[in-house]
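User: Could you help me learn to read a structure, one feature at a time? I am new to this one.

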Amino acid sequence: MGPANSFPDSPLGGGNSGANLADILERVLDKGIVIAGDIKINLLDIELLTIKLRLIVASVDKAKEMGIDWWEQDPALSSGARHQELARENTELRQRLAALENDSARGEPDPLPRKGDAP
């Protein structure tokens, strides 16, 4: 029985297609590739919707070289950013609580109405 590749004369490279695909993927990730396109929906020459699509395929290192690092700042994608967001929110809440306690200690009315208080 012959080799596992049943199409040795294939233009896709036959049995080496896995290696070729790996080489192509390595080159794309090393150099980066940008795919851009716009989708416009018009009705009777009136533009109803425009969607601009931009896709960059690159390695993380190449993206950082290009100045792209938005995932590091996004709390949904980065645990470090999530911790920073929580720390910022915690600090803000502590400041608001301290301000409320100071106002209460000075006898100033509570700026936030409580349940049951008359409006």
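This is a predicted model: local features need pLDDT of at least 70, side-chain atom pairs count only at pLDDT 80 or more; totals for chains, interfaces and linings use all residues.

User: Which residues make the nonpolar surface patch?

Analyst: The general idea first: patches consist of residues with over 30% relative accessible area and no salt bridge, like charges being joined within 9 Å and nonpolar side chains (Val, Leu, Ile, Met, Phe, Trp, Tyr) within 5 Å. Areas come from the Shrake-Rupley method with a 1.4 Å probe, and for residues only the protein chains shown count as cover. Here, Ile39, Ile41, Leu43, Leu44, Ile46, Leu48, Leu49, Ile51 and Leu53 make a nonpolar patch of about 860 Å².

User: Which strand gives the most to the nonpolar patch?

Analyst: Strands (E, at least two residues) and helices (H or I, at least four) are DSSP runs, numbered from the N terminus. Strands E1 (33-43) and E2 (46-57) each supply at least two patch residues, and E2 gives the most, with five. Ile39 is found in E1.

User: Is Ile39 buried, exposed or partly exposed, and why?

Analyst: Buried means under 20% relative accessible area, exposed over 50%, and partly exposed in between (1.4 Å probe, protein chains only). Ile39 counts as partly exposed because its relative accessibility is 40%.

User: How many salt bridges are there?

Analyst: A salt bridge is a side-chain nitrogen of Lys or Arg within 4 Å of a carboxyl oxygen of Asp or Glu. By this rule the count is six. In one of them, the side chains of Arg54 and Asp38 meet at 3.1 Å, N to O. That pair links distant parts of the chain, 16 residues apart: Arg54 in strand E2 and Asp38 in strand E1. Asp38 is partly exposed, at 43%.

User: Where are Glu65 and Lys62 in helix H2?

Analyst: They are three residues apart in H2 (residues 60-65), so about one helical turn separates Glu65 and Lys62. Their side chains meet in a salt bridge (3.5 Å, N to O). Glu65 is exposed, at 62%, whereas Lys62 is partly exposed, at 22%.

User: Which residue forms a salt bridge with Arg106?

Analyst: Asp103 does, the closest N and O atoms being 2.7 Å apart. Salt bridges that share partners also join Glu85, Arg88 and Glu92 into one network.

Terms used. Residues are numbered from 1 along each chain as its sequence is written. Side-chain values use heavy atoms; hydrogens and water are left out.
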